[in-house]
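Work through the exercises below with the sequence and the model open. Try each task before reading its solution.

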Amino acid sequence: MEALRILIFEDELMVAHDIRENLIKYGYEVSGIARTLEKALDILESCPTDILLVDIQLNGPLDGIEIVQRLSKQYSIPVIYLTAHSDMKVLNRAKQTNPSAYLIKPFRMAELPLQIELAIHNFYQHPLPNPNKKSDGFLLSVGGIFIRVFNHEIIYIEAKGPASQFHLTQAGYSRIHPHRKVELYANLGYLFDHHLTDNFYRLSKSEGINLDHVDGIEADEVLCSGHRISIPTGQRKILLERFSVIRSR
């Protein structure tokens, strides 16, 4: 299983490297250490990141709260603040950015795993919808383990009782577990409301498809990366409208 990736935003390098070493010790990956907004954006653009760990008090022109406000315009990622502040004005400002957890300085490194798991839980239980944010996918809780699911690896989602099953590309299954096919389930309506991007189409109440995996559309079936999925009555024309169609003679 892939480890959670964490971006550290801390301008005291000794503190940042200490946090980095402890995160690695606890089984996490560090996508990078940033001291400026530009560096943080570069890291987020090049490396999938699951959590932002941000110090509120910075020495630059922006404090940690302002950094998070700007990053949140483009990325939907849970935030953990590091803070030594007890000033209610500062804390009230921080609350406006909807952080998922706090660590009060000085803190014990042993607190990191607990706050990270809490942040992931809080964020995905109560996501903040924003259609302008970029998303590399989401984390799915499976048996107490958080598994990263990339949107581009989802071929389609099919209702199986109260939950819906993901059908992934072979590369997606191999990345999650190299030796066996892992079955993943979630609520279809919740996924469309909060996590799936515009290239997903709700074909019916029980199925959603990734339009990027559509290989063809027949009279009553859509072909998605080797899968044949029935098109409900009246949906074919609407589905075709999601594509640029060139009609030949």
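**Exercise 1: A strand pair**

Task: Find the residue that stands opposite Ile209 in E12.

Solution. Tyr201 stands opposite Ile209 in E12. Strands here are DSSP runs (E, at least two residues), helices likewise (H or I, at least four), and both are numbered from the N terminus. E11 and strand E12 (residues 207–210) run antiparallel and are joined by four bridges. Two strands pair if DSSP finds at least two bridges between them.

A note on the model: it is predicted, so local features need pLDDT of at least 70 and side-chain atom pairs count only at pLDDT 80 or more, while totals for chains, interfaces and linings use all residues. Residues are numbered from 1 along each chain as its sequence is written, and side-chain values use heavy atoms, with hydrogens and water left out.

**Exercise 2: Strand E1**

Task: Decide how many residues of strand E1 (residues 5–9) are buried.

Solution. Start with the cut-offs: buried means under 20% relative accessible area, exposed over 50%, partly exposed in between (1.4 Å probe, protein chains only). Five of the five residues of E1 are buried. Now sort them by direction. Arg5, Leu7 and Phe9 point one way, and Ile6 and Ile8 the other way. Then look at the partner. E1 runs parallel to strand E2 (residues 29–34), with five bridges between them. Ile6 stands opposite Val30 in E2.

**Exercise 3: Helix H1**

Task: Check the span of helix H1 (residues 13–25), then find which residues are buried.

Solution. The expected span is 1.5 Å times one less than the number of residues. For the 13 residues of H1 this gives 18 Å, and the end C-alpha atoms are 18 Å apart, which agrees. The buried residues are Ala16, Ile19, Asn22 and Leu23. Seen down the axis, the buried residues of H1 fall within an arc of 130° (from the directions from the helix axis to the C-beta atoms), so they line one face. The face turned away from the buried side carries Met14, Glu21 and Lys25, which are exposed. Just after H1, Gly27 has a positive phi of about 95°.

**Exercise 4: Aromatic pairs**

Task: Find the aromatic pairs and classify each one.

Solution. Apply the rule: rings of Phe, Tyr and Trp (its six-membered ring) pair if their centres lie within 6.5 Å; planes under 30 degrees apart are stacked, over 60 edge-to-face, the rest tilted. The count is two. Tyr81 and Tyr102 make a tilted pair, 6.1 Å centre to centre with 35° between the planes. Tyr81 is in strand E4 (residues 79–83) and Tyr102 in strand E5 (residues 101–104), 21 residues apart. Tyr81 has 0% relative accessibility, so it counts as buried. Tyr102 has 28%, so it counts as partly exposed.

Phe138 and Phe166 have ring centres 6.0 Å apart and planes at 40°, so this pair is tilted. Phe138 lies in strand E6 (residues 138–142) and Phe166 in strand E9 (residues 163–168), so the pair ties together parts 28 residues apart in sequence. Both Phe138 and Phe166 are buried.
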